[in-house]
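Look at the sequence and the structure first, then read on.

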Amino acid sequence: MNGATSSPDQPAQSMPMWLEWMLSNVQTGLLLLDAQEHIAFANKWVLKRAAMRIEDIQGQALLSVFPVLAGSHFERALRTSIRSGFPSLLSQTLHPSPFPLYADDVQRDCKKALRQSIQILPMGPKDAAQAGQRFTLVQISDVTPNVLREGLLKAHAEKLSDMALIDGLTGVGNRRAFDESLVAEVRAAGRTGKPLGLVMLDIDYFKQFNDHYGHPAGDSCLRTIASLLRRICRRPRDLVARYGGEEMVLVLPETDLNGAVRVAAEILQSVRDLALPHAMSLAGPVVSLSAGVSAFDPVAPLTGAQLLQGADDALYAAKRNGRNRLYVVDSARQEIVPG
Amino acid sequence: MKLDELALDALTEIFNHGVGQAANSLSELAGEEVRLSVPRVEELAKRSIVDQMDKRGANRICAVRQGYTGAISTEALLMFPFEQSLQLVQMMVGDDVPLEQLSEMEQESLAEIGNILLNAVLSSVADMLQIELEGSLPQVELGLSSTVLCPSGDFDSTILSLQINFEIASRQIQGYLVFLLDLASSELLEKKLAAFIGALP
């Protein structure tokens, strides 16, 4: 508008001073296009953030001023709106930063594109008839702060939901995480026809360990074993959870009974290799585990409760037969045998 | 308004043309094929839409509302059961939307999706029936189907209703598009439809 020299129907020509002042100070981007998609007007908000001068862009084709818009969803939406006369909008979520607009702040060096929410408002048929052509107003809002705020809220919500599923002492899943995982994985195994392994583990003579070495040492022992379990069960869908007290449980998707037995055997050996002294254990001089293993066989599906009962029975058998060993549910022969 | 079979068929054709356009735009937006279909157009009492939603266990809905004025004035409402609106946004945006609530920004993306669909359908109506219309910007509303659809409790008034099926990457979402028309608009629509059918070869 500052000394614009374009055609006589430029809206800036006869603009009262207060209107010009208002358009310069409104805190949202205003861009007016004529029917040929040439820029008829851009307010100060846009010019500042695009680092452009009105005299350089007025009367120019929108796409030559902002070449990045060529082929964009904005271009499609603009064409559709101009043709139909219906307003449209471009959401930040689907199009973060259509216009090359940058924050006008002190950190000029790190140029961050503004997150934009855009509304395209073509003149309706009556106004267009009066104006002699269909002008279209493009209104651009900076929603960068909203995006940041939502990001923070989302991160917070994720943290809360993680916390609700994690055992505070050991950092592995809690009982709720296990319950949810077992239901979901049994369902998935039934659907995909793939096996599912379940391992229950118990630290041998843990009560005596606590009584002898003290609870802080007991806690530290639990944490050490939890992190060892996590190191061994590292596939993305494997779940390590604390079932209760000194009992841990593993949910191993796409793992059959033999696979689960191999994992359990490796764990028992690795825990012995840690060689954590346990003077009060009747199973050996160091901390050891007992394990019960069961598996979901797609040929003869079980419920989650049956799977859990099997692993628990096997664990009980391992403890009754001297601890520091693993027992397995042999579902074919319907018995519990040493693994 | 009492539309006969012929008129309803003509409307189904006009609406399908519109949703076809919308499907192209939405496919571009989603980066994968979005298929839309309008299996049927009906005239119903508002109450029966509310009942249909309730039967699907969806008494909470999410709606995109736009007003159109001109020779015909109508409010167009695109409605989804709440859960399905979340899924739709998830499919369009990608998978990182948590599934409990739509944030302000996600609601805006739903407004955009609704806007594309509603404008395409109304453009088709305006072009094919030669009715001049002006549109408003979309507004997202969340709430009970009865309060969104019948804010003044007029459960018995008749509306024009379309079921719209979305199919994206083999997942399906079902929504309803309804038009709230006043008497004068209904009469004009009937007339325009008759003229449209009369002009068919």
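Asp9(B) is partly exposed, with 46% relative accessible area. The model is predicted, not experimental. Asp9(B) sits in helix α1 of chain B, which covers residues 5-30.

Side chains of opposite charge can pair when their charged atoms come close. The count over all chains is 19 salt bridges.

One of them joins Glu37(A) and Arg79(A), with N to O at 2.6 Å. This pair links distant parts of the chain, 42 residues apart. Glu37(A) is in the loop between β1 (29-33) and β2 (39-42) of chain A. Arg79(A) is in helix α5 of chain A. Glu37(A) is buried, at 12% relative accessibility. Arg79(A) is partly exposed, at 38%.

Another salt bridge connects the side chains of Arg53(A) and Asp56(A). Here the N to O distance is 3.1 Å. Asp56(A) has a relative accessible area of 45%, so this residue counts as partly exposed.

## Links between the chains

Which residue of chain B meets Arg149(A) in a salt bridge? The partner is Glu104(B), at 3.3 Å from N to O. Arg149(A) lies in helix α7 (residues 144-163) of chain A, and Glu104(B) lies in helix α4 (residues 104-129) of chain B, so the pair joins two chains. Both ends are partly exposed: Arg149(A) has 44% relative accessibility, and Glu104(B) has 42%.

A polar contact is found between His95(A) and Glu112(B). Their side chains come to 2.5 Å. His95(A) is in the loop between β3 (88-90) and β4 (116-122) of chain A. Is His95(A) buried or exposed? His95(A) is buried, because its relative accessibility is 7% and buried means under 20%.

## A buried serine in chain A

Ser81(A) is part of helix α5 (residues 73-84) of chain A. Its relative accessibility is 2%, so Ser81(A) counts as buried. What lies 2.7 Å from a polar atom of the Ser81(A) side chain? The backbone oxygen of Phe86(A) does.

Notes. Residues are numbered from 1 along each chain as its sequence is written. Chains are lettered from A and ligands numbered from 1 in the order in which they are written. This is a predicted model: local features need pLDDT of at least 70, side-chain atom pairs count only at pLDDT 80 or more; totals for chains, interfaces and linings use all residues. Side-chain values use heavy atoms; hydrogens and water are left out. Helices (H or I, at least four residues) and strands (E, at least two) are DSSP runs, numbered from the N terminus. Buried means under 20% relative accessible area, exposed over 50%, partly exposed in between (1.4 Å probe, protein chains only). A polar contact is a pair of N or O atoms within 3.5 Å; within protein, one must be able to donate a hydrogen and the other to accept it, and residues adjacent in sequence count only if both atoms are side-chain atoms. A salt bridge is a side-chain nitrogen of Lys or Arg within 4 Å of a carboxyl oxygen of Asp or Glu.
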